Amino acid sequence: MNPNWNRIVREHLAMLRLPPEREIEIVEEQALHLEAAYEDALAAGLSEAEAEARAVQGYDWRLLECELSRAERPFTTRAWRPSPELIEQRGGMRMESFIQDLRFGARRLVKNPGFTLIAVITLALGIGANTAIFSVVNGVLLRPLPYKEPNRLVRVYSEFPTMNLRKFWISPPEFLDIQREAKSWESIGAWSAGVVNFSATGEPIPATSTRVTRSLIDALGVQPMLGRNFTPEEEKPNGPNATIISHGLWQRAFGGQANIVGQQARVNAAPCTVVGVLPPGYVFPPGGNTPVDVWIPFQFDAANSGNRLGHFLNVIGRLKPSVTIEQARAEMDALEAGWKSENRAPHLLNPQDHPVLMFPLHEDVVGAARRAVLTLLGAVAFVLLIACANVASLLLARAEARHREFAVRLALGAGRGRMLRQFLTEGFILVVLGAVCGVGLAQLGLKTIMAVAPDSVPRTGEIKLDLAVLAFTLGISILAVFIFALAPMAQLREGNLAYWLHGASLRTTGAGSQMLRKGLVITEIALAVVLLAGSGLMLRAFWKLRQVDLGFDPSNALSFTVLLPPRAYPVPEHLRFSQRLLEKLSALPGVKAAAMSIASELPPLRPILTRDIQIEGFQPTPNGPAQNVDYWNTVSADYFKTLGIRLVEGRFFEPADQGENAQRVAVINQAMARRFWQGNPIGQRVNPQISRDPNWFTIVGVVEDVKNIGVDKPAGTELYLLDRQIFPLSRVIFRHGYVVRTAGDPSLSAAAVRAAVRELDPALPVFGMQPMSDTVADSLARPRFLSILLGAFSAIALALAAVGIYGVMAYSVSQRTQEIGVRMALGARSSDVMKMVLSQGTKVAGIGISIGLLGAFALTRVMSTLLFEMSVTDPVTFAAVVALLAVVTLLACYIPARRATKVDPLTALRHE
Amino acid sequence: MLDKEVKRGSTEMLILALVEDRPRHGYEIAKLIEERSDGVLQFHPASLYPLLYRMEKRGLIKGAWIEKAGQRRRRFYKLMPEGRKVLNEQRQTWSDFFAALDRVAKINPA
């Protein structure tokens, strides 16, 4: 029987997309030629097979395709294209043949827009997610800190092991001891961050500020771009007032005037000379996301360096070039031991109760975020692998459909290398398209991440798509090509050649190929399980965080800070100001209550404010608690009512407590009650040690614990005293936090609140006004960031895995059409067919899920520190993941299964 | 083997010459070129047909399907007036060219 010449020709010319009537003519004429050649060969005595081989092999389909596309297309759309014959003969023209491969590949991809679109979108998601997260890794973890020789910078803390205070501040006398006696440092400096009222010419504006020693600027190694560092004179007590400002403030407040150095400004109403401007992009504090605008020198008195109990300095040192951090630690240990034996002052740094801690600055800044960021990188790597597996699976299906083409090309002498190159070229085109879209997606994604969660990780200002990131994208793209483009090559085994040539069709591909595709889908499902388990755990931990009882009610509450310049508000004035402001605020429409606290920030982002106290009748024991409170607080009478803090025992502050000769009273939290008293603390007395004479305060109430420093942190002990009773005794506390409880949306009251402050003193700026629910949200920025991203990545992974299993099942059904037809002809019911297909799908899904669960148990362990009060093997999460994947895969199998039941036996049996 | 360039330049003339006396189909044209040149001129069908289509577009030849009982229908190409003109021109050009070659290099084109 003669070969079907028309079909052979048509298959070879399909990609030319000739107009149908023209194609019929050309196909027929070429078929005629082949047939004539075949018959000539038969007449010359060749066997049928030999004659067919001679006719087919004597034909150069690539050349024909090229020549036809030139002859048949309008001249204008014709591009110059060297004939492949020429290329093969001249051998050296590699580039041209690469271009030709590109054209050939591009034409194939354009011909299959559905396939191309899915592959490109899949790759874009994978590459885009990786590019975005690598930008974060690069900006946060990899890039050196923006200081001179940053690897020599060391962060120095103190520690109170008995009070469980790690990474604690250092007091000025302690800092001066270290600076004077430690020899490891080229320069060691201290700072303390705050806010100031800054005015250049007109109205004061709130500005972030930091007090620093001049040695800090030296230690960081970045000098002012205009002007100079502070002088020793400016560091002396009562020395000239000087300030260095940020580049941003110079632009905002002074319009970037060139003659800025030497100009006068006011800092907290005191006149002050601008002596320097820092360069743009100067990041301080290290890793911080809000840059400091105003720098003021500390004016420590070395002779009388003050209270050894006042710990508020942050310290950074630059090691001498030859000194390691271990040597610096050893030196510090020796110094501490010496100071202890000299016993030159009470409360010295010492190795037992109050040692120094040192960490490389980079580790200190990014260490806490490292695990979170690397977890994300792991997650996106999984997404990319799933994407590659999906594209590989798609390419395999296509490769099977192209067997005849491959066979003919191999038979015509296309080298295996040339074929491989063709696959790689097609993969290359897909990946380039995917990478271009992916980088776009990454850019968009980064913008969204930074907008949604600017404070979720340190150094967000340094996150950007730069060359290092693009190099990474290129690297993973090349890797991706090799992962998925080689899959079809695995199908090109020599032995299949003759088989394919003899008209083997789509429906008879080998079991090996099916195995390979199933393997890919199993991999995808397993990876998706791991990702879903990780994000499920994170989401549940985040949900649990949201359920934590904060101890106060953040809804319908607005908080802000006011800074009272000590010159304008000496001791009695600042209490009066506070009382008048509270009266005004309480009288505002829509305001239910207002209160003041001396906490510089309000919960749940309130830094620890620890203080030694004395407890009446308390017997200290060596391993027992120190007489100390974690959160020292002074509040106005309505504080508890305004924040919604619940009473446990006794009473709140009352109007009677505010009288001139009223009994001195205190309220404590439950943690404090538990720590220091076995029974009822009501009626017990504490001395807060605010003056030389003992002042005993009687505990009148116990309130529930408030989450001061973070939703996920233990509450700590807290002592509340009343403003009217404390302010007259203590030094000026010039930073006041206010809370206003409103009837409705608190942000609607913001303007009225600002106006109330302005009425009292137009020169006072208001800091950080925001609804307390936003502050709570800010405190959950990192877990929310992780939950959102992991959730998004696993949603992508799930969708890709679903598409993967759908593809395999649909393909398998289309291959088994004939078999299904036979079964149905022999009496199988639709439900049997449905069951058969579904069971095949469930088997694949089951294997994938099982492998994935094993992987998840092993891998989610790295997340343990990221999960709030959760086991990494939380059974609820794992059960939910299994159920979700089971449902999704079943749905993905159901569509092809239903299609299988619609097979008409007669059609199927005719289906060859 | 003749140089490729010469072969390419002469191909059109060969085809025109072969369909000068009667219409022929593509396979026949290819066979005749090979036979009459004793195998010196070989023509790959992959370039022959596209060339035929181009010549047809330029109006040098015209193809028509001829059907015979019990056979595939075949496309025969016949020479058009424009083709005859081009053929004569090319014959003249080649004749001049060979004469010149002969004068210089003593080649007899026979």
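User: What makes the three strands of chain B an open sheet, and in which order do they lie?

Analyst: In this predicted model, the strands of chain B have the order β1-β3-β2, with antiparallel pairing. Two strands pair if DSSP finds at least two bridges between them. Strands are DSSP runs of E of at least two residues, and helices are runs of H or I of at least four, numbered from the N terminus.

User: How do you know that β1(B) and β3(B) are joined?

Analyst: Two bridges join β1(B) to β3(B), and a pair needs at least two. The two strands run antiparallel. Arg24(B) has Tyr77(B) in β3(B) as its bridge partner.

User: Why are α27(A) and α28(A) called roughly antiparallel?

Analyst: Helix α27 (residues 830-859) and helix α28 (residues 875-901) of chain A pack at an angle of about 150°, with axes 8 Å apart. Axes are lines fitted to C-alpha atoms over the stretch in contact, and angles run from 0 to 180 degrees between N-to-C directions. Angles over 145 degrees count as roughly antiparallel, under 35 as roughly parallel, 65 to 115 as roughly perpendicular and the rest as oblique. The pair α27(A) and α28(A) is therefore roughly antiparallel.

User: Which kinds of residue make the contact of α27(A) with α28(A)?

Analyst: The residues that meet include Val833(A) and Leu838(A) in α27(A), and Phe878(A) and Leu885(A) in α28(A). The contact divides into 15 nonpolar, four polar and no charged residues. Nonpolar means Ala, Val, Leu, Ile, Met, Phe, Trp, Tyr, Cys and Pro; charged means Asp, Glu, Lys and Arg; the others, Gly among them, are polar.

User: How many residues of chain B are in contact with chain A, and what supplies the largest share?

Analyst: In chain B, 13 residues are in contact with 15 residues of chain A; contact means C-beta atoms, placed from the backbone, within 7 Å. α3(B) gives the largest share of this side of chain B, seven residues. The side comprises six nonpolar, three polar and four charged residues.

User: What is the pLDDT of chain A, and where is it below 50?

Analyst: The predictor's confidence in each residue, pLDDT, runs from 0 to 100. Chain A has a mean of 84, and 91% of its residues reach 70 or more. Where pLDDT is low, the predicted coordinates should not be read in detail.

User: What conventions apply to numbering and confidence?

Analyst: Residues are numbered from 1 along each chain as its sequence is written, while chains are lettered from A and ligands numbered from 1 in the order in which they are written. In this predicted model local features need pLDDT of at least 70 and side-chain atom pairs count only at pLDDT 80 or more, whereas totals for chains, interfaces and linings use all residues.

Methods. Contact = placed C-beta atoms within 7 Å.
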